[in-house]
Every structure is written in C-alpha cells, then in structure tokens.
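Student: Hi! I'm new to this one, so could you walk me through it?
Tutor: Happy to, let's bring it up on screen.
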Amino acid sequence: MTPSYAAVLRAPHASRTFALALLGRLSYGTLPLSLILAFTTATGSYTQAGGLMALLGLTVSVPAPFRAGLIDRHGPRRALPPMAAAYSLALAALAALTWRPGAPLPILAILTATAGATMPPLGVVMRTLWNVLLPDGPLLRRAYSLDTVCEELLFVTGPLLAGLLAAVASPSLGIALSAVLVGAGTLGLITSPAVRPRPPSRRREPRVRALPIGPSLAAAATGVVLGSTGLLAVAFAQRHHQPAAVAWVEAALAVGSTLGGLAYGALSRSAPGRRRLAALLCPLGVALAAAGLSPSVLVLAVAACAAGLFIGPALTTAYLVADATAPPAARNRAAAWVNTALNLGAAGGTAATGVLLDALPLPLCYALAAVPAVAAATLLVLPERQPDSPARGPSAHHRGMDDSMSNEEFWEARYAEHDHVWSGDPNTILVQEISGLGPGTALDLGCGEGADAIWLARQGWRVTATDISRTALDRAARHAADAGVADRVDWQRHDLATSFPEGAYDLVTALFLHSPAEGMPREAILRSAAGAVAPGGTLFIAGHAGPPPWDPDAHPHVHLPTADEVLKSLGLPEGEWEVLLSGEHERVQTAPDGRTMTRTDNALKMRRLPA
C-alpha cells in the first residue's frame, strides 16, 4: 500500500523541519512583489525598478551552485547562518532606504546584489534533508512531491501577503517581513535534529562532479514553459478583449500543477529516471502547443490546467533523479543546479516569448514555446553517459605489475594512486535494473569506494558490502557517513578467493568483478554469489564485454565472458531460477582524452524462485 502524505509528516522530526523550512522559504514568495513595488516608488522609474529586479535574479541564480557547494563542504549548521545574516541585513537596509522616495540607485544596486548573492538555499537544503528524514522509496518520492506542491503554493500566497502589506502600509514592510521570515526559518532549520553537524575534515576532499545534466535539462525546459505561459496568456487575453481573464489562466496553471504534483506523489510506485522525465516533458510540450489553438479564454484556462498537470511531477522527478545520481558530497550542489536551470529557463522563456510575440502569430508562439520540452524529452531517452574514473595520472592498465603481486597488493596500490578512483556515481545499469525492486537485504561484491552500496542504502536496502582493499572500504565508509546512510551498510573486507560473507540476501550484485592480478577465481565466486541469494531474491551480474575502446590491448590475458557463458558456468539446478535479463548493454563513456565512445557490457539478471 502506498504511504500517505500524513505518513511523510509523521516521520521523526519531519513536521518540524519542513514547517520551519517553509517559513523561511515564504520569504522568496513575499520578496519579489514587495521589491518591485518599493523600487518603483523609491526611484520613480519602471526602467530602474526592472533593472534592479533583473540584477536580483542574476545574483540569485548564478552563484547558487557555489552557495550549495559551501553547504556540501561545511554542512548547513556552519554555512547557512552567515548567508542568512547577510541576506537579512541587506533586506533590512533595502526596507529602510525604500520607505520614502529618493533612494540613491547605486546603493540600491549594491544592496540588491548582496541580497541575491547571499540568499540561503533553504529549498535545496530541505530537499537534501528528506533523505535523512525518510527511507528511499515511495515515502521519499511522496515527500518530494509534497515539497514541490508546497513551494508552488508559497509563490501564490507570498505575493498576496506582500500585496496586502503594500495596501495597508508600505511595500517596504514586505521587504522587512521577508528578512524576518528567512532569519527565523534558517534558525529553526539548523536547530532541527535532522540537521546533523558535519564532522571536521583534516584535509580537503577531492572535488566531484555535481552537474546533473539530464535533470537540469528537464528543469530548464520546464522553466521555459513557466516563463512563457504568463506572457502568452496576456497576449491571448488581450486579443480576445478580456485582459483581466489572464488571472484565471495563471490560476488554472497553478491548480493543474498542484493537482498533478499531489497525484504523482500518491500514485508513483517505482523509482523515477531519465525516461520518466521524458515521459512527463513530452505531454507538457504537446499540451502547451495545443493551448495556442484554444478558441476562447475559458478553453485556454482548461488547456493551461492540463499542461500544469505535468509541471509539478516533472520538477519533482528532476530533483529526485538529481539527488539519486549525485555523489554523496555534492547533493546540495546537484539540487542547486536543477533550481538554477529552472530559473534561467524561466527567464529565457519570458525574454524569447516577448520577441516572438512581436513577430509571429500567437498559435505559432505557443508551439515554439513548447519545443524545448519536446526536445529535452527526446534527448533524455538517448543512452546515458556513464561517468568514468578521474583522468588523473596513468590508467590502471599501464601500471607496472610483476607476476608475484597478489590481488590485495594490486588493489591497495590501485586505490593509493588517487584520493578517489571511481566517479562516486552508481553504475547506470544498476540504477536501471534494480530501481523497481522493493528494498530488502543486499550483498554488494567488490564494492570499491561504495557508490553502488550507498545508492542501494538510499533506496532503503540493508547492504553488506565487501572489497579486498581496506583503503577502498575506509573511503566507502566515509562516503556513507557523508550520505547519512552509515547505519544501513555493513562494510566487510573479504578476499573472495578465500572467504565469503555469511547469510542469505534478497539481492546479490557482482558488478565488474574483474582483476588483472592472478588468483581471483571469478567463476567460483559467482557460484558462491548465487548460493547467497534467498528464495525469491535476485542475482545481478555485470561485466565488461571487452577492453575499453580507447585501449584495445588492455589486459589481453583477462577473459571477459558473455552473459550466456556466465550463466552456464554457474551450474544452477533446473527449475529453481528464472532468467530476467541475459545480454549486452551499451553505455556512452568518455575516454581519458575526452572522446565520447560507446562501451558494451554483459549483464545477467536472475530471480531465484520461491521454495
């Protein structure tokens, strides 16, 4: 049974943490209208007011990944208070300066840029905290949907509150309120038990990739839709001589997004991925293009509501996919990139739509505004690029290795070469094939630096992860602690040629369990892996089908069996196993020299039939 939204808020510390984050995030809803009204009054110029608002948008969006990086590096408790203090002080100064007309434009610009550059990313932090508050799976996906819907509601109620304050007092009072809200929300958020202090690091962690290309592309396309619909609706209403009706179109879009987000969180039962994003973006674009053919404002409002049904789910999925694929030390940055892409897409959509409306028929403008969503959907269904290990120093295949070097010595030396050897991302084939399984107990053989085991733990699995290298296991344990899943992974050192973890598991994975060193009986290890699968459980084996295309002579003595050869070598009793997948899998990979190449792997996925 799918958990309810009440179950999300009943999780320990969830209600308090979420409420305080929303309190601070309400500032982002009250501020824009308050500022534009105050700037117009203080400067007496729409041009200057518009320029200041553009400056705010620029300084909020461009440094957003940097601010999130500070949070990834130092933790929310250390990084958020200075940002919130600087932001609140800048807003307080703006409120004081704009209370009466005649404020100097240069000072307004400096304070506006300061406020934008220091805006604390409370939404980004809250999305990351959901992983701490909840196990991965349907409950976490419902939490992300709830977060997206509530954020949208904040951007509806915020301007209403700002307008009320401007009507009864002064728009500057709305700026002051925004400063108070973000200060109170930040203080409450960082004192929540869900926000754990980050342990001090004695050395600088290696920088890892944080830009989630697919989710950012989807967010940018969704932003174009959001940025263009308002201006398109204004033009449509004016041409039908009902300018006031544009509010109903905007409201219909918001209602559709809210309903879509709530329904998506309630009905979604499998982990989202790039194809899910594509499946949401394509109908979003089609619905927007069709809206341009509406014969009346009423029909346009209905069409806008239909398009809105896909906005909330698309944004929820973009954030979920970015979070699921981000390295442990870069989750806040990944979410910030998605948020930045959304904002830049909205700004670009608005600007481009204004140009198009002056030159083209209105239905064609609607169709062109829909193109980015459909184009992004097309790109997202292309093969996903598998991140590679860092291209620093010589590749492992070129390391000198004498005949007497053992497996343990080889891999200890391999991990000693760099601070991190692999990308920190889970294998794409693991994410693709295991996402739909309900979590249970898992055994990860040859876990390396722990990316696959940590991803499984974040999906709700209890993981036993093994490797021959103590260095790799120590590194993996640190990554798991950073990811907040240290209590869900048992790291065990095993030379699988001589020892094997005890117990039976719902999932056993052996991904790319190859070694250039002598003495690793892979077939025997895989037979032991099959024996460790509990009735009803899954065995998943993947391996390279050949050497990397940029180095065809690598390890000529290492045999790389096909999936059928692996299946035959397992010697499984007939009638006890069901083959779910046996064949080749292609992925796009980047060579050390920067070339993009396709690499083929062999994959075998089997289910042990219940007794």
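Tutor: One term before we start: helices here are DSSP runs of H or I with at least four residues, numbered from the N terminus. Also keep in mind that this is a predicted model.

Student: Okay, got it. Where does Thr258 lie?
Tutor: Thr258 is in helix 11.

Student: Buried or exposed, that Thr258?
Tutor: Thr258 has a relative accessibility of 15%, so it counts as buried. The cut-off for buried is under 20%.

Student: And what is Thr258 in contact with, leaving aside its neighbours within four places in sequence?
Tutor: With those neighbours set aside, Thr258 is in contact with Val149, Glu152 and Leu153.

Student: Which helix is the place of Gly256?
Tutor: Gly256 sits in helix 11, which covers residues 246-267. Its relative accessibility is 0%, so Gly256 counts as buried.

Student: What does Gly256 contact, neighbours within four places in sequence aside?
Tutor: Gly256 is in contact with Cys305, Gly308 and Leu309 once those neighbours are left aside. There is also a distance to look at: from C-alpha to C-alpha, Gly256 and Ile311 are 8.1 Å apart in space, while in sequence they are 55 residues apart.

Student: Nice. Let's switch to salt bridges. How many does the structure hold?
Tutor: There are seven salt bridges in the structure. One of them joins Asp147 and Arg127, with the closest N and O atoms 3.6 Å apart. Asp147 lies in helix 8 (residues 138-168) and Arg127 in helix 7 (residues 122-133), so this pair ties together parts that are 20 residues apart in sequence.

Student: Are those two buried or exposed?
Tutor: Asp147 is at 0% relative accessibility and therefore counts as buried. Arg127, at 2%, counts as buried too.

Student: Which residues are linked with them in a network of salt bridges?
Tutor: The network links Arg25, Arg127, Asp147 and Glu151.

Student: What does Glu449 form a salt bridge with?
Tutor: Its partner is Arg475, and the closest N and O atoms are 2.8 Å apart. This pair links distant parts of the chain: Glu449 is in the loop between strand 2 (441-445) and helix 19 (451-458), and Arg475 is in helix 20 (residues 470-483), 26 residues apart. Both Glu449 and Arg475 are buried.

Student: New topic: how do helix 10 and helix 12 cross?
Tutor: The axes of helix 10 (residues 213-239) and helix 12 (residues 274-291) come within 11 Å and cross at roughly 15°. Angles under 35 degrees count as roughly parallel, and helix 10 and helix 12 are therefore roughly parallel to each other. Their crossing is left-handed.

Student: Which residues meet there?
Tutor: On the helix 10 side they are Gly214, Pro215, Ala218, Thr222, Val225, Ser228 and Thr229, and these meet Arg274, Leu277, Leu281, Leu284 and Leu288 in helix 12. Sorted by class, this contact has seven nonpolar, four polar and one charged residues.

Student: Great, thanks for the tour!

Conventions
Residues are numbered from 1 along each chain as its sequence is written. This is a predicted model: local features need pLDDT of at least 70, side-chain atom pairs count only at pLDDT 80 or more; totals for chains, interfaces and linings use all residues. Side-chain values use heavy atoms; hydrogens and water are left out. Axes are lines fitted to C-alpha atoms, for helices over the stretch in contact, and angles run from 0 to 180 degrees between N-to-C directions. Helices (H or I, at least four residues) and strands (E, at least two) are DSSP runs, numbered from the N terminus. Angles under 35 degrees count as roughly parallel, over 145 as roughly antiparallel, 65 to 115 as roughly perpendicular and the rest as oblique. A crossing is left-handed if the near helix is turned anticlockwise from the far one by less than a right angle, and right-handed if clockwise. Contact means heavy atoms within 4.5 Å. Ala, Val, Leu, Ile, Met, Phe, Trp, Tyr, Cys and Pro count as nonpolar, Asp, Glu, Lys and Arg as charged, and the others, Gly among them, as polar. Buried means under 20% relative accessible area, exposed over 50%, partly exposed in between (1.4 Å probe, protein chains only). A salt bridge is a side-chain nitrogen of Lys or Arg within 4 Å of a carboxyl oxygen of Asp or Glu.
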